[in-house]
Amino acid sequence: MSRGKSGRAQAAPGGGAGAVRSGDSYLPEHGNGGYRVTHYDLELTYRPNTGRLSGRARISAVAEPGAADEPLSGFSLDLGAFRVDGVLVDGARPARYTHRADKLRIRPARPLPAGAPFTVEVRYVGVPRPVKTRHWGDLGWEQLEDGALVAGQPIGAPSWFPCNDHPADKASYRIEVTAPSPYTVVAAGTLDSRTVSASTTTWVYEHPAPMSTYLATVQIGLYDLVELTDAAVSPVPQRAAVPPRLRDRFDHDFARQPRMMAAFEDLFGPYPFDEYAVVLTDDELEVPVEAQTLSIFGANHVDGHRGCERLVAHELAHQWFGNSLTVADWRHIWLNEGFAKYAEWLWSEVSGGVPAAVIAARTRAKLADQPQDLLVADPGMPRMFDDRVYQRGALTLHALRTVLGDDTFFAVLREWTATYRHATVTTEEFTALARRRAAQPLDALFTAWLHAPRLPELPGPR
């Protein structure tokens, strides 16, 4: 796991119980210092009729050195409004803890030596409540008409499990969910087992690749499981969970996804995970939801005419940009959203639609009439998901492509995804890689597009 400097958690001297800040430049109260997580093992039982979730989280972690390599005497996890029924550190050692303001503060029976691995087990129960935010609405676990979904970005993970909720702290996962047997459960990772017992079914998903907490997910609903794999086009296993009433529309609207996967592997490099899944909820969603190894769409995103195919491309592209390559700090969000937006334009181009250059020119013309007060590389916390971050980020990539030429530009993208596969990334790392590949200076281009509010002109074709 790689951590950018700006994404490194900040621990208090001595690793005391007050060491709760992540060091993130936008969301420092989310995430925690003093340790790094290596694995989450989650066992969940969900009752859709009451919304009640009971869980056992076993978290494997490593204590990070504090001042003078002092041991870690206390640490914290992010966790929403659940009743905590007990905390164990290293198996059989009950730990003292307090739980308020969405922080579970833990003091083990003995301090944890710097660099030492340890485990934390937390048992908890309650009705999950989404994380309420001023700028992005409710995040995390959401009760649907008949089931549940998780939309974690950027700080919704504590709504359903205790965690170190910062994107730079990536870990492997095992997610076990028990739900009534009529329901299908889809989670991040690969289905390892499905066991029916009386009126319930237990689903176990394994995901060995490093994953940020906001990308972990569970989807529960009355779904049909659909096979999308087309080995003649792409060997990547692709599956879907779809409400029966939406099957015909889904089959048409997602029919080209295997071709899309093949195109993106050619443009971006090998698909970074073992498989890819899509969940289509029976409820409408404002926007699709990205998660690692899967994407979630609402009933309003299928119309039988591929009216939302650009969103299919956008969410698939996040598996490379955002999920395998994850921002080390939230101020680098354009590395997720600008790249996924540009993937929409690339899919249009390679699938016989409008070329990316035409879309770029149209997009720049529209942006010219909007306020020019945003820095793409540092938009500020309230504007992390401003449409202009997506659009100007994509324009930045198109400007770079125009200057470098297609061969060099796509070589940069493939080197980017290979070098930082399953790691964390910063704007500075991307621009440094592009500079190494370029035959001409790129400082003026990156300054104008990423670090200045005024919208630049697109460079002319070579």
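User: How many cavities of 30 Å³ or more does the count come to here?

Analyst: Rolling a probe the size of a water molecule over the atoms shows where empty space is left. In this predicted model, the count comes to one cavity of 30 Å³ or more.

User: OK, and which residues line the largest cavity?

Analyst: You'll find Leu367, Pro371, Gln372, Arg388 and Arg392 around the largest cavity. Leu367 also turns up among the buried residues of helix 5, so let's go there next.

User: Which residues of helix 5 are buried, and where do they sit around the axis?

Analyst: The buried ones are Ala356, Ile359, Ala360, Thr363, Arg364 and Leu367. They cover an arc of only 130° around the axis, so they lie on the same side of helix 5. Their packing partners are helix 4 and helix 6 (387–404).

User: How do I read the largest nonpolar core, and which members touch the most others?

Analyst: In soluble globular proteins, nonpolar side chains tend to be buried together. Here the largest nonpolar core has 148 residues, and those touching the most other members are Trp160, Phe161, Val218, Phe264, Phe268, Trp416 and Phe430. Helix 4 (residues 334–350) gives the most to this core, with nine residues.

User: Let's zoom in on Phe268. What does Phe268 touch?

Analyst: Leaving out residues up to four places away in sequence, Phe268 touches Ala317, Trp320, Phe321, Ala343, Leu346, Leu413, Arg414 and Thr417.

Conventions: Residues numbered from 1 in each chain as written. Predicted model: local features only at pLDDT ≥ 70, side-chain atom pairs only at ≥ 80, totals over all residues. Heavy atoms only, no water. Core = buried A, V, L, I, M, F, W, Y, C linked by side-chain atoms within 4.5 Å. Buried < 20%, exposed > 50% of the residue type's maximum accessible area, 1.4 Å probe, protein only. Helix = DSSP H or I, 4+ residues; strand = E, 2+ residues; numbered from the N terminus. Contact = heavy atoms within 4.5 Å. Arc of directions from axis to C-beta. 1 Å grid on protein atoms, 1.4 Å probe; cavity = no way out; pocket = protein on both sides within 12 Å on 5 of 7 lines; lining within 4 Å. Points joined across faces, edges and corners; volume = space filled by probe spheres on them.
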